[in-house]
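The following report concerns a single protein model. Please consult the sequence and the structure shown here alongside the text.

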Amino acid sequence: MKIYHFTEASAQELLISNYRSSTLIPFLGAGFTKDMRCKRGKTPDGNELKKILKDILARHNPEEASEIEEIDDLRSIFSLFENSESISSDIRKNTLLNLFSQVKLDDIRKKILSLGWRNIITLNIDDAIEKHSHTDYNKISPSDKISMERVKSKKNIIKLHGCITEYDKNEDSQLIFTWRSYVHNIRTQNSILEYLENLAREQAFIFIGCSLDGEIDLIPIGLKGHLEKSIYITKNKPSLSIKLKLKEYGIGHVVYFDSYDQIYSEIFNTIGEVEVEDTVTEYHIDYLPTIKDAINTIEHIANGGPHHKTTTESNISYEILLRPGYVIERDAEREILNNIYSSKIIAITGRRFSGKTTTLIHLYEKIKQYQTYIFSSHHPFNPNLTRLIRTVSNSLFMFDTNYIPRSMMRDVVREISRSKNKAIFVFNNHDKDSLLEVMSDDEINCVQFDMKSRLSAEEMDKLNVNMNTVGIQRIEEGMTILTFAYNTHEVYKSSSKSSSLFDFKTPDSSTYKALILTELESKLDLDITNKCLGKYFNTDQFIKSNPLLFDLEWHSGIRHIVCNSTQIALRILSKFSKENITSSAKIISELAVSLKEGGYIDTADKLISFDFLNSTFSWESSGNARLIKLIYEQLSSAFGQKNHYWLQRAKCELRSSNKLADIDNGIIWAKKVRSENTLMKNKTYYSATLTMAQLYGKKVVLLSKLSQDINRDILNGVIDYYSESISNYMNNKGHIDDISKKFREGRSEISKSFEILRKNPISLERVADINAVTTFLSNKR
């Protein structure tokens, strides 16, 4: 343990360096709000609270007054206060509200809170911190059901021991004072406590106003040595007893001051003017060697990139966007440039390896009339993003694939729509609904451009001119960009370094899970790896064992595992799943349960969605229905209570089954979801309704092939559920547009089902309804 007086240069450098790199996290105790004005008087510290509660208990239990006076432990006193039959619930509630609500901080403490901390952690139950902090903080208390995705993408005030505001609304809300409540909190708040542990491993808590007397929810973190970077702030040089206590927590640094008032003023004077390292990255364009450089061109094609690199000159790091000389302008690029002036929000969507990121880099290079911010998926989500959007105008924000967490999509889109700024979002096909859903709900217009995985004739001609110039094999008509990359690799792997992308190896369980997680999250911090890959997961050894697939990057002082190539990941996932269906299903199911139990609810839901499973575990094929069904079967006990799970199972039968029994199962599951959401009439209800319409339509086609009768229930199922979906078009806009497109092209079971119904005599009485549905689908563009 290192001990410094605050005037020492080492103490100031310790504070400044951690604050500058955003690795300093305030951990505030009762001393931070002690003697601040509250609803009735001033807020107490632990000793004062103990005395107040003793007096109340003694007045209501005079026969036990002497015994009460002998109790010296606050937790025991509070337990008695909480459970005493002689004290009414009104007295308990009013006492706590009078002491801990409507707290008014002095100016210097307000300044401390205004420093833009990423997280603020507190043991206090009073309302001072959230009341005097910026409104963009997300408050978390023990009674909250948390989403770890939202916790990690937002700025947070984490109230470990409860919140007086929540207690005022609901007396069942936890206030952590007793030993019993401590133990209960450790059991029920496992996700958030593990998150704090992982923060402590790579960042520095600065304990201000904390006595740290028996904080049993923190001791396990200290015992593992994770608080060695942390800083304990105190008045006067610590005594032997205090040093022994801090040693139990494993705290590595102590900075002491001469008075309590000096603590806050000097901390603010030391770091208040320090400029935090910019979390909005500026990029430069680097033009790769010309198209005459065959080796570089082959390697870039075969590896699908890279699009980005970091370089260092004179100890200064630069982020570089790479612009290959052979790459052509895509048709969609011109359309986007023509629409950028008139459109508030543009979405670029498409399959992986369709050129979305390359197009975004071209647009970043060409659009000069706006202050442009580009956010690469190589970097973690910036929690200050919404504030940046509010503070600038006439700017263009560009977001690459997977940059914005699903839980933050609505906030970001709303801020863009309210501002004088524009945005371009890039999405993989299976993720685009997260944007379209927000657009539909908030009635925000969005212009969507789909990047085709196959080049148009004009694009192909342009690319082949470049290929002929450099002497590399051409792309053939009908070939996807991904197939072109693979073919390039196969043809030239003996004469270039292009073999890495397609050098597939059988992964172990941890590698397989990590590959899936990088498809879900793109960047994995210690919190999610510990929860999903095991508490004893060794990150450094893992990277050494998988140098081709994975790497480590530091962002805001936290290490993240990143996958070096999405394309490699997808190929390995697909290959392994096809060769090892049973073990693959087991691993994926275990991962989904780990995510759910670890608080990553949104990520777990994304993992078990049919679209994600189908696109991730298929490689230029029709999918892997057997694998997906096996996964769903293994998840029934863990996810069976969720409508999302049953809806995905129904979609699986719709998309992959050709047996009547399977289609009937899908209908049963979709009906369950629809029935349980009937009163709410929410997105889930309308999604289930449209799924049922398609399932009934598929059943019509199957019955026709088997020369079996179509009854009125089936007829009505097709017509009624399609009619209801069309009547509520905005609730399923993206899916209905896709159905309409397939219907017009006449290449789907949708158009076949209506052709069959028109020819069936049973449909005569519903011809008008059939015409209404088919007319809508024919004309909707």
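## A proline in a loop

Pro507 counts as buried, because its relative accessibility is 11% and the cut-off for a buried residue is under 20% relative accessible area. The model in which this value was computed is a predicted one. Pro507 belongs to the loop that runs between α23 (481-492) and α24 (509-521).

A distance relates this proline to a cysteine elsewhere in the sequence. Between Pro507 and Cys210 there are 47 Å in space, taken from C-alpha to C-alpha, and the two are 297 residues apart in sequence.

## The open sheet of β19, β20 and β21

An open sheet is built from 3 strands, arranged in the order β19-β21-β20 with antiparallel pairing. Its edge strands are β19 (523-524) and β20 (550-555), each of which pairs on one side only. In general, the strands of a sheet pair through backbone hydrogen bonds, in either a parallel or an antiparallel manner.

Strand β21 (residues 558-563) is joined to β19 over 2 bridges, in the antiparallel sense. At the level of residues, Leu524 has Ile561 of β21 standing opposite.

Two strands are described here as partners of β7. Strand β5 (residues 119-122) runs parallel to β7 and is joined to it by 4 bridges; within this pairing, Thr122 has Lys159 of β7 as its bridge partner. Strand β6 (residues 137-140) likewise runs parallel to β7, with 4 bridges between them, and Asn138 stands opposite Asn156 in β7.

## A negative patch on the surface

Which residues gather in a patch of negative charge on the surface? They are Glu63, Glu64, Glu67, Glu69 and Glu70.

Among them, Glu70 is placed in helix α4, which comprises residues 65-70. Glu70 counts as exposed because its relative accessibility is 66%, the cut-off for exposure being over 50%. Pro507, by contrast, counts as buried at 11% relative accessibility.

Note on methods
Residues numbered from 1 in each chain as written. Predicted model: local features only at pLDDT ≥ 70, side-chain atom pairs only at ≥ 80, totals over all residues. Heavy atoms only, no water. Patch = residues over 30% accessible without salt bridge, like charges linked within 9 Å, V, L, I, M, F, W, Y side chains within 5 Å. Areas by Shrake-Rupley, 256 points an atom, 1.4 Å probe, with all protein chains shown as cover. Salt bridge = Lys/Arg side-chain N within 4 Å of Asp/Glu carboxyl O. Lys, Arg positive; Asp, Glu negative; His and termini not counted. Charge placed at Lys NZ, Arg CZ, Asp CG, Glu CD. Buried < 20%, exposed > 50% of the residue type's maximum accessible area, 1.4 Å probe, protein only. Pairing = 2+ DSSP bridges.
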